Structures are given as C-alpha cells and as structure tokens.
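Take a look at the structure below. The text that follows walks through its charged pairs and then one of its helices.

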Amino acid sequence: MIETAVWHYDGRNANRWHPRLVGDAASFRLIGEGWESGPWAWVDLRALDIAGRDAVFGHATEPGWRIGFADGVIPADIVPLLPQRARYGGFIDRIGLGKASMAFAAVAAAALFVGLKAPGWIAPLVPQSWEDGLGDAMVGDFGGRICRTPEGDAALNALIAKVDPEGQARTIEIANIPMVNAIALPGHRIILFDGLIAEAKSPDEVAGVLGHEMGHVEHRDTMAALLRQLGLSVLLGGMNGTAGSNLNALLSLSYGREAEHSADLSAIERMKAANISPLPTADFFQRLDPLDDDRRDDKKAGKDGSVESEAVEAANWFGSHPTSRSRAELFTKAHVKGRAYTPALDSVQWQALKTMCKRDRNVKPAMGMGL
Amino acid sequence: MDEHSGSAFAFEGSWKEYAPIAFSNLLLTIVTLGFYRFWATTRTRRYLWSRTRFIDDSLEWTGTGLELFKGFLMVLALIGLPFLFLQFGVQALVIRGMGGVAGALAVSAVFLIFYLGGVARFRALRYRLSRTYWHGIRGGADDGGWKYGWSYIWKTICGMVPLYLMVPWSMISLWNERWNKMSFGPHGFIAEAKVRPVFMRFLLFYLAPFLLALGVFAVLATRGTWVGSTFLHTNYPPAIAFIAMLVIILGVYALLGLIALAYYAAFLREGIGALRLENIDFRFEATTDDWLKLFFGDILLVVATLGVGWLFLQYRHWKFFITHLEAYGEIDLDALTQSSTRESRHGEGLLDAMDVGAF
C-alpha cells in the first residue's frame with residue numbers, strides 16, 4: 001500500500017490540485033477533495049525536467065497531465081516504480097556519454113569514408129546508356145555553340161585518332177566559348193573551349209589537354225563527381241546555388257587530386273603511344289600557372305589589359321587542377337631525349353582547328369550562357 | 001490570481017547549470033556530424049523553459065528531437081529534392097540555350113521559397129506554442145499558415161514597392177496576422193500593433209544613408225576633393241586613403257546596423273506591447289540601449305573566450321527575452337482549459353532550413 005501527497009495538473013484546466021496518491025506496485029489513484037482519478041499505471045509515467053526543485057512526471061498518453069513531488073522528496077517505496085529522467089536521449093543514456101560519443105565518432109568516420117569513396121565504387125556500376133542519356137539531357141548540343149567546318153572537323157578527327165585511337169569518347173567537340181577550359185561531361189563526352197585552342201601555341205598542347213580529359217572519361221571520373229555532388233547536396237540540404245552559378249558548378253566539378261594525377265598519367269600514355277612530345281603540354285601548364293607571377297607581369301607589360309583577363313580565365317582551369325608546377329614536371333620527365341616526336345597535327349590542320357569557330361557561320365555566339 | 005508586481009516572467013537559470021548541457025551538446029553534435037543538433041536544440045529548450053517562471057510555475061518544453069529531425073527530413077523531401085532537380089534542369093536548359101524557360105523556372109523557384117518562408121515562419125511559432133506548457137496547458141493554432149504564406153508574399157512586396165517606405169506596415173501587419181491566429185488554452189491571442197509608433201524609428205533608419213551621403217559630400221565639397229566611383233584622388237599615400245575609405249565604409253555599415261537595431265527594438269516593444277491573451281497584457285521593455293548591451297556583450301563574450309562563448313548565446317538571448325518580458329492582468333485558472341488545437345507532429349524544419357527566427 002502506497003500513499004503520499006503530490007501536486008497535480010489534470011491537463012484539462014490550469015488549476016493546481018493537491019491530491020493524495022494512493023495505490024500499489026502496479027498503479028495508483030489520485031484522490032482530491034471531492035474528486036478522484038485513475039487508476040494510473042506506473043509504467044505510463046514519464047520523467048520530466050525538474051521545475052524549480054520539484055520532481056515532475058507526465059503521462060504517456062495524457063497531454064498536460066502532471067504529478068509533482070514538492071522539493072524533489074519522493075518516498076522510498078515509490079522511487080523504484082518511477083522512470084529515470086532522460087539526459088541525452090534514448091540510447092546514449094543507456095550506454096553512457098563517453099561510450100556513445102566514441103560509437104558515434106566511429107560511425108561518423110566510417111560514413112565519411114564511405115561517402116567520399118562510394119561515388120568511385122558506384123560510378124562504374126551506372127549503366128553506360130543512363131550516363132549517356134544524362135549527359136545528353138544536361139548538355140545537348142551546347143545550345144548550338146559547337147563549331148563545325150569540314151576542314152576543322154577533319155583536323156579534329158585526325159587529333160582524335162591519335163589521342164583516342166580506341167574511340168572511348170562518344171564525342172569530342174569544340175565549343176565557341178572564349179574560356180581557357182576543357183571539360184569531360186557525363187556520357188563520355190569531351191568539350192574543348194575555343195579559348196583553350198586560341199591560347200595553345202601548338203597542337204601538341206591541345207593533345208595533352210585532350211589526353212587528360214580522356215583520362216577522366218576512361219576512369220568515369222565525371223560520373224563519380226556527379227554522384228558526389230548529388231550526395232553532398234542531398235546531405236547538406238541542397239539549398240544553396242542560384243541558377244546562374246550552376247554552369248560554373250559543373251565546370252568546377254572536382255575530381256580530387258588522385259583522379260587528376262591518374263588522368264595526367266593517362267594523357268602521357270596516350271601521347272607516348274601517338275609519338276607526341278609531352279614538352280609543349282608541360283610548357284602550357286607552366287605558361288598558364290596563375291601563380292607564375294613573373295611571367296604574367298612580363299605579359300602584362302607587353303599587351304596590357306587583355307592578358308589579365310586571360311590569366312583570370314586560365315585560373316578557371318587550374319582552380320580545379322592544383323599544383324600546376326608539379327604537373328608540368330611530370331610531363332617534362334615523360335620526355336625522352338633524342339626521340340623523334342611527330343607533331344599532333346600538321347600546320348594546315350592546326351590552322352583549320354584554330355579558325356574553326358571563326359569560320360563556322362552557323363555557330364551561336366557565347367553570349368547568353370550566363371558565363 | 002492577480003499579478004501587478006511587474007515580474008510575472010522571471011528567468012531563474014544559471015550559466016553554470018547550463019554549461020554541462022552546452023558542452024555535451026557540442027560534443028555529441030560533432031561526433032554525429034551534426035545530426036544530434038535536433039536533440040541538442042531540444043535539450044537546450046527544455047532547460048531554458050524549465051528555468052522560466054511565469055507567475056507561480058515554470059514553463060515546460062515538450063518538443064522532442066525526433067520531431068525536429070522529421071521536420072528537417074520533410075524539408076529535404078518537399079524542397080530539397082525538387083530543387084536538386086531544378087538545379088540540374090535549369091543548368092541543362094541554359095546550356096541548351098533555352099534561357100527563357102530556365103529563367104521562368106528560376107523565378108517560380110524563388111517565389112516558392114518566398115511562400116514557404118512565410119509559411120515556415122507561421123508554423124514555427126505555432127510549433128513552439130504547441131510544445132510550451134504552463135500549468136499543464138499548452139498553446140497552438142488551428143490555422144496551418146498556408147494562407148499566411150500568400151499574405152507574406154504580397155505584404156512584403158507591397159512594403160518594398162514604394163521605395164521600401166511601407167516596410168514597417170508590412171512587418172506590423174504580418175505580426176498581427178500571425179499572432180491573431182495563435183492561441184493558448186482556449187483563448188486566442190489578440191494582436192493590435194500599430195505602425196505609427198515604429199514608423200519614426202524606421203524613417204531614421206531609412207534616411208540615415210541619405211543624410212550620411214549628404215554629410216560626406218558636404219565635407220568633400222568644402223575640401224575640394226572629389227571621390228568618384230572609379231578613382232580616388234587625395235594627397236595622402238594610397239594605402240592610407242584606402243584604409244580611410246575602408247574605415248568609413250565599415251563605419252557606415254556598423255552605424256546602419258545599429259540604427260536597424262534601434263528600429264527592431266521599437267518594433268518588438270510595439271509588437272509584444274500590443275499583444276493580449278484574454279485578460280493578460282504583455283509588455284516587452286528592452287530599450288535600444290539594452291539591445292546594444294546584448295549585442296556588444298555577445299561579441300565580447302565570444303571574442304574573450306576565443307569562441308567558446310558562442311555556445312552560450314542562445315542562453316543569453318533567451319534570458320534577455322524573458323528578463324524584459326512582462327505581463328499584467330489576471331488569469332482565471334478554471335477557464336484556462338486545454339487547447340483543442342491540433343498538434344503538428346513535426347518540428348520547425350522549414351524554418352530551420354531557411355534560417356529565420358520565430359518572432
């Protein structure tokens with residue numbers, strides 16, 4: 001037999017009652033002056049925060065129903081019947097804060113590891129047809145900005161035959177956009193920007209960049225990066241980003257250092273097989289290195305104005321390709337002394353490629369792309 | 001029950017008591033990559049509410065971390081996924097040269113966010129009231145806030161169109177609309193805030209940039225120095241001139257921020273001061289000086305503790321709010337019966353996602 005004094009809110013109105021709690025080990029009744037309620041089962045009680053110094057309990061299914069023990073004084077025979085107060089929440093209370101923290105940290109580390117690695121594992125499992133469809137849906141014909149002339153196409157095909165002899169890329173095209181950039185798109189597509197062709201001093205440099213993008217295509221890095229971005233935007237709420245910055249986001253899809261390095265190795269392999277010298281590509285990297293201040297100052301003194309914007313554009317490509325210097329070294333080292341390299345294109349082909357976007361009368365201007 | 005002493009609300013917590021909650025929250029939030037923050041918020045609120053006394057008993061927060069988490073998931077499903085699609089879709093459209101369609105989609109997306117932002121503001125207030133108990137009784141609202149979302153759009157736009165002069169009207173009007181839908185127990189809140197008391201403050205804020213610009217030009221004119229948008233010509237070395245410009249610009253921003261604070265102080269005083277619940281009148285007595293103290297106190301606390309004080313800002317702000325909140329009148333406990341409003345089962349996820357406050 002249990003009997004003690006409590007205070008009580010019934011959850012129906014705001015009066016504070018002072019009934020006697022009378023019951024046994026299973027349940028109890030509240031008996032006030034002229035009223036009685038219950039039976040209430042002990043197991044339905046929920047421990048709440050201590051308000052003031054009182055110990056307060058609620059009921060699982062009765063909103064606002066409360067009983068309180070003044071000054072936290074609970075008779076000894078009731079204590080074992082009452083629930084414990086939650087501190088951190090469910091399972092943390094059961095195993096303790098320290099252990100729970102370590103368990104969480106372990107799970108978090110594993111989740112981060114998987115999150116970073118999973119795109120690389122999943123990407124090869126995405127059916128090629130899906131990726132092709134996705135790439136076409138995202139990019140289409142680049143809004144009519146793909147440059148085409150019969151001579152230019154022939155030159156581009158000659159270059160492709162050397163760098164991508166197995167035809168791993170579905171399309172390799174040049175877009176009429178004055179940015180020093182090249183991108184590998186989902187669906188085994190590569191787009192070289194006209195600004196890059198204009199900046200390049202020889203076809204060998206273009207071959208180097210193309211070889212690098214071929215590396216991304218070969219390793220399906222684009223799909224992995226897309227998955228990673230997708231996962232991140234889901235995880236982070238995906239609430240940022242206005243429409244205007246989206247293309248830039250696509251351009252700066254980051255593949256990670258490892259992927260960039262193996263794409264470089266792939267480029268070197270391809271150039272070696274095609275007997276193209278890697279030195280011009282090394283020079284290209286060196287020339288466009290935004291950190292190469294001396295060189296930029298020289299240029300600035302020479303041409304004034306326009307070069308600075310070129311340097312900014314160049315920074316685009318290198319922003320996602322860190323350590324240009326070490327990459328230049330990588331390509332320099334690949335050079336074999338005394339070997340008789342052949343140019344990637346002859347001078348007629350090279351001119352056709354360089355002037356393709358200017359000569360193509362049907363190509364749309366780069367304006368209006370939000371660049 | 002009569003209450004005329006002017007201290008119906010009191011905050012009885014201490015930062016020492018709160019510290020273990022704050023630090024364990026931080027620890028758990030870090031090791032769970034942020035997922036614990038919903039439960040952390042709940043623990044903080046439970047503590048702050050339980051240390052907030054209204055007349056003879058403390059408030060009680062009955063919200064749960066799981067609710068907040070569900071609210072967050074709802075935002076992901078309702079907004080996150082469509083926006084992800086929109087993000088890639090707009091991108092594809094732009095690249096394909098269909099800029100018009102992309103623009104239309106983007107604009108409608110902005111309006112959707114705008115609308116949901118209004119709805120979120122309403123529902124956050126409703127959620128907080130429905131989880132706040134006093135004497136076993138809770139608050140709430142029968143309205144879902146869907147109509148309020150439209151009011152939010154048109155009133156905000158109307159406030160901005162006449163050179164932003166109607167902003168105080170739109171803010172006061174939305175405040176009244178929001179609070180008039182809320183209730184505690186069986187009683188509806190009555191909000192009758194007026195624009196006039198806050199308008200002069202707003203005008204001060206509104207005219208400050210013009211007065212400042214006028215002053216700057218007056219000074220420059222007398223000194224015969226010309227500041228153009230493209231070049232700056234003074235007799236000082238360029239570095240000093242640049243630093244001076246920077247100081248001036250930062251100073252202007254700081255000043256504008258302070259004037260905005262002065263306006264907000266007046267706004268909350270009017271908003272809460274014109275709020276009634278049955279026979280209770282509320283008042284909020286924080287002056288601009290109080291707000292300044294809070295603001296600079298925050299900065300000082302965070303800087304002096306090398307960032308650790310950041311954990312206590314929520315505590316400080318709640319204490320500030322309760323300390324300056326007053327209520328007068330009487331409560332009929334028999335008539336204060338349980339709220340019949342529907343309890344939403346999810347928390348203020350929308351609001352969290354858009355990072356706006358409940359008041």
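A salt bridge here is a side-chain nitrogen of Lys or Arg within 4 Å of a carboxyl oxygen of Asp or Glu. Side chains of opposite charge can pair when their charged atoms come close. The model is predicted. Over all chains, it holds 17 salt bridges.

Start in chain A. A:Asp132 forms a salt bridge with A:Arg170, and their closest N and O atoms are 3.4 Å apart. A:Asp132 lies in helix α3 (residues 128-139) of chain A, while A:Arg170 lies in the loop between α4 (150-163) and β9 (171-175), so the pair ties together parts that are 38 residues apart in sequence. Are the two partners buried or exposed? A:Asp132 has a relative accessible area of 14% and is buried. A:Arg170, at 39%, counts as partly exposed.

Chain A also holds a network of salt bridges. Which residues does the network link? They are A:Arg148, A:Glu173 and A:Arg189.

Now move to chain B. The side chains of B:Glu17 and B:Arg51 meet in a salt bridge, at 3.1 Å from N to O. This pair links distant parts of the chain. B:Glu17 sits in helix α1 (residues 15-31) of chain B. B:Arg51 sits in the loop between α2 (37-50) and β3 (52-54), 34 residues apart from B:Glu17. With a relative accessible area of 36%, B:Glu17 is partly exposed. B:Arg51 counts as buried at 14%, because buried means under 20% relative accessible area.

A further pair in chain B joins B:Arg276 and B:Glu192. Their side chains meet in a salt bridge, at 3.6 Å from N to O. Where do the two residues lie? B:Arg276 is in strand β10 (residues 275-277) of chain B. B:Glu192 is in the loop between β9 (187-191) and α7 (196-223). The two are 84 residues apart, and the pair links distant parts of the chain. B:Arg276 counts as partly exposed at 29% relative accessibility. B:Glu192 counts as partly exposed at 45%.

Finish with helix α9 of chain B. This helix covers residues 288-304 and has 17 residues. From its first C-alpha to its last it reaches 24 Å, close to the 24 Å expected at 1.5 Å a residue. Which residues of α9(B) are buried? They are B:Thr288, B:Asp290, B:Trp291, B:Leu294, B:Gly297 and B:Asp298. After α9(B) comes B:Leu306, with a positive phi near 55 degrees.

Technical notes
Residues numbered from 1 in each chain as written. Chains lettered and ligands numbered in written order. Predicted model: local features only at pLDDT ≥ 70, side-chain atom pairs only at ≥ 80, totals over all residues. Heavy atoms only, no water. Helix = DSSP H or I, 4+ residues; strand = E, 2+ residues; numbered from the N terminus. Expected span 1.5 Å × (residues − 1). Buried < 20%, exposed > 50% of the residue type's maximum accessible area, 1.4 Å probe, protein only.
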